[in-house]
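Here are a few notes to read with the structure open. Take them one at a time and find each spot as you go.

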Amino acid sequence: MKKKKRKIGIYVFIITTISFVVIFLCVHLFLNKYIKDEANRSIRNCVEYLNSPSDDSYMEYIEGNNLFRSSYLELSYAILFESFNEHYSVDKLVTEWCEDNPRKMNAIYLVKLRDRLCYIQQVELSDNRGIYAVYTDVSSAKRMCAVVEVVLVVVMLICDLVATIVGLRMGRAVDEEQDKQKKFFENASHELKTPLMSIQGFSEGLEKGIITDQRGAYKVIQKEVGKMSHMVDEILLLSKYDRQSVNYNLEEISVQELVGDVLDTFYMEIQNKQLRLNVNIEDKFINVDIDQMHRAVSNIISNALRYARTAISIDFKDDILSIWNDGTNLTDEDLKKIFERFYMGQGGSTGIGLSLAKEIIELHGFSIKAENYQDGVRFLIKFTL
């Protein structure tokens with residue numbers, strides 16, 4: 001089980017990490033290409049202005065739709081006055097680079113100048129007007145890109161961590177669901193096997209003439225077949241709820257009649273267990289699918305009978321139906337998971353009954369909860385929207 005959980009977590013981690021790396025590389029490449037393209041466009045506009053000075057070219061150079069505005073130097077004058085300019089400046093750094101690289105003409109180069117990063121182009125203007133250095137300082141933009149990339153990496157790491165944790169939880173949830181279903185099938189098989197063995201034993205006894213009380217044998221067989229039929233019906237009904245293919249036929253019925261009909265089916269069981277039954281109902285009519293609500297209430301009373309030691313109490317007041325038994329209190333885990341499908345507490349049967357009851361009740365627009373109450377457990381069904 002732990003291997004499966006780790007596998008899902010690892011798969012999620014690998015997929016999200018690869019996705020984030022691809023996203024980061026795309027963002028990194030896009031930002032750098034965008035800065036390069038904008039710097040080159042600014043330099044070309046500046047060179048165009050220098051080659052053909054006019055009002056239009058000047059406005060394009062000064063106010064053009066560019067991210068950067070390039071600067072230019074007339075190199076012969078810049079080199080001549082370089083020795084007088086002892087202060088640190090980008091102009092001086094560009095001049096020194098051009099002086100050291102006189103052959104790098106016309107092309108645009110990305111150059112690291114101490115703490116500055118510049119795109120530089122050396123061009124010789126027409127009509128022998130000299131050689132100019134046109135440059136764009138992109139240091140601030142690059143620093144901004146670095147900050148954006150750091151923030152992006154941090155966000156991606158957090159998202160990756162969250163996705164991995166979610167993946168591990170998903171793996172745990174899948175494992176728990178599989179474990180519940182495994183337990184359900186084991187218990188369902190056991191519950192079906194018991195009546196099958198009983199049916200087989202009585203039928204073989206009847207066939208061989210060992211059992212003389214045929215009427216009694218037939219009653220036992222019918223009872224066991226009924227148990228099996230009820231379990232299969234609940235499994236099929238759960239499947240219908242999953243497919244959302246259950247249609248409700250709403251009719252009016254009194255709470256007293258509903259509870260009375262259910263108790264009639266458990267009369268012999270209550271007598272056999274010698275349980276004390278207290279019923280106190282302030283009668284009221286409710287609009288429900290009678291068959292489905294009968295099943296829901298029946299499942300809850302059946303659960304109460306399974307755990308009751310000496311007494312069961314059923315009360316209805318202020319739109320709330322209370323079904324109490326003096327069985328052992330529920331644990332915190334039981335209270336949290338008691339209505340989950342396939343969950344079986346101590347002494348549970350198949351893990352279907354209460355989850356099915358909850359689905360039926362909530363699809364009617366009502367609500368149900370379980371709680372420890374007066375040295376026992378009670379279920380509260382609220383018949384209000």
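1. Start with the side chain of N101: one of its polar atoms sits 2.8 Å from the backbone oxygen of W97. Keep in mind that this is a predicted model, so treat the distance as computed from that prediction.

2. Where is N101 in the chain? Look in the loop that runs between helix 4 (90-100) and strand 2 (108-113). Is N101 buried or exposed? With a relative accessible area of 18%, N101 is buried, because the cut-off for buried is under 20%.

3. Now jump to helix 7, which spans residues 255-265. Its buried residues include V255, L258, V259, V262 and L263. They cover an arc of only 130° around the axis, so they end up on the same side of helix 7. Turn to the other side of helix 7 and you'll find D264 and T265, which are exposed.

4. Next, bring helix 9 (residues 290-307) into view: its axis and that of helix 7 come within 10 Å and cross at roughly 55°. The crossing of the two helices, helix 7 and helix 9, is right-handed.

5. Which residues make the contact? From helix 7 they are L258, D261, V262 and L263, and from helix 9 they are M293, H294, V297, S298 and I301. Notice that L258, V262 and L263 turn up here and also among the buried residues of helix 7.

Definitions and conventions
Residues numbered from 1 in each chain as written. Predicted model: local features only at pLDDT ≥ 70, side-chain atom pairs only at ≥ 80, totals over all residues. Heavy atoms only, no water. Helix = DSSP H or I, 4+ residues; strand = E, 2+ residues; numbered from the N terminus. Buried < 20%, exposed > 50% of the residue type's maximum accessible area, 1.4 Å probe, protein only. Polar contact = N/O pair within 3.5 Å; in protein donor to acceptor, adjacent residues only side chain to side chain. Arc of directions from axis to C-beta. Axes fitted to C-alpha atoms, helices over the stretch in contact; angles between N-to-C directions. Left-handed = near helix turned anticlockwise from the far one by under 90°. Contact = heavy atoms within 4.5 Å.
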